[in-house]
Amino acid sequence: MTTTAIPETWRTALESVLTGRPMRALGGFLRAEEAAGKPIYPPAGTRLAALAHTPLPSVRAVILGQDPYHGPGQAHGLAFSVQRGVAIPPSLLNIFKEQEADLGLARPAHGHLEAWANRGVLLLNTVLTVEAGQAGSHQGKGWELFTDAAIRAVAQRTSPCVYLLWGSHARSKAALIREASAGPHLLLEAPHPSPLSAHRGFLGCRHFSQANAFLEEHGSGAIDWRLPD
């Protein structure tokens, strides 16, 4: 990955991390994995989709995932999102259940979250690639340095932003956000929406309405969480 691959609005904030040894090692690792014939998700052209769809000045909310879906045809560069026609994964279904209970919105018939991204919701996985069928296989390879820089860049702005931190991995970024924060920011934390943990506090957390109330209070306007049919 080069600086020219980074969407323009993010380039100044992120280009410095690309010159270090960890990112060079990551590039070498990915090239070697692909040369060995291992399927890598999402496809190369979509790995920075979260940044492309949500310019840095437009970010009003951040939802952090861990790594991409590792099944065929699922991941396309936006955390928790799947392409139209792909079955809605269980964690995303619970997100929709909470949205319905909190905001009274009908559950969408698909899991394509691009509309959220285009409205200022940064859907960022902290690791941007994964080997097919091997969850977590690209953790610790260098992506975290890059995505931490993106999280820091958002926090350093003075415009209001809400961070929806679901699960221990996302919540581990709270200290980074607070340290970099130029305010005003709101951190909302809950268990992960996975069926294994959603009933321990994710369902009923009312994060969608809290996020909108905060943004409206600070003059940024509520996020339209509806998805087009």
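This is a predicted model: local features need pLDDT of at least 70, side-chain atom pairs count only at pLDDT 80 or more; totals for chains, interfaces and linings use all residues.
Local features need pLDDT of at least 70 and side-chain atom pairs count only at pLDDT 80 or more, while totals for chains, interfaces and linings use all residues. Residues are numbered from 1 along each chain as its sequence is written, and side-chain values use heavy atoms, with hydrogens and water left out.

We can begin with the sheet. Four strands make up an open sheet with parallel pairing, in the order β3-β2-β5-β6; strands (E, at least two residues) and helices (H or I, at least four) are DSSP runs numbered from the N terminus, and two strands pair if DSSP finds at least two bridges between them. At the edges sit β3 (121–125) and β6 (185–190), each pairing on one side only. Neighbouring strands are turned by 20° against each other on average, direction ignored. Here axes are lines fitted to C-alpha atoms, for helices over the stretch in contact, and angles run from 0 to 180 degrees between N-to-C directions. Helix α6 (residues 143–155) packs on this sheet and touches β2, β3, β5 and β6 (contact means heavy atoms within 4.5 Å); the direction of α6 makes about 155° with that of β3. Within the sheet, β2 and β5 (residues 161–166) are joined in the parallel sense over three bridges, and Ile-63 has Leu-164 of β5 as its bridge partner.

The largest pocket comes next. Its volume is about 590 Å³. On a 1 Å grid over the protein atoms alone, a pocket is an open set of points where a 1.4 Å probe fits, with protein on both sides within 12 Å along at least five of seven lines; grid points are joined across faces, edges and corners, and the volume is the space filled by probe spheres set on the points. The lining counts 33 residues, and Asp-67, Tyr-69, Phe-80, Ser-91 and His-192 lie nearest the centre; lining residues have an atom within 4 Å of a point. Two or more lining residues come from each of β2 (61–65), α4 (90–103) and α7 (168–171), with α7 giving the most, three residues.

Finally, two residues illustrate the accessibility values. Ile-6, in the segment before α1 (8–14), has a relative accessible area of 0% and is therefore buried (under 20%; exposed is over 50%, partly exposed in between, with a 1.4 Å probe and protein chains only). Beyond residues up to four places away in sequence, Ile-6 touches Arg-11, Leu-14, Glu-15, Leu-18, Leu-48 and Phe-146. Ala-25, in helix α2 (residues 21–35), counts as partly exposed because its relative accessibility is 43%.
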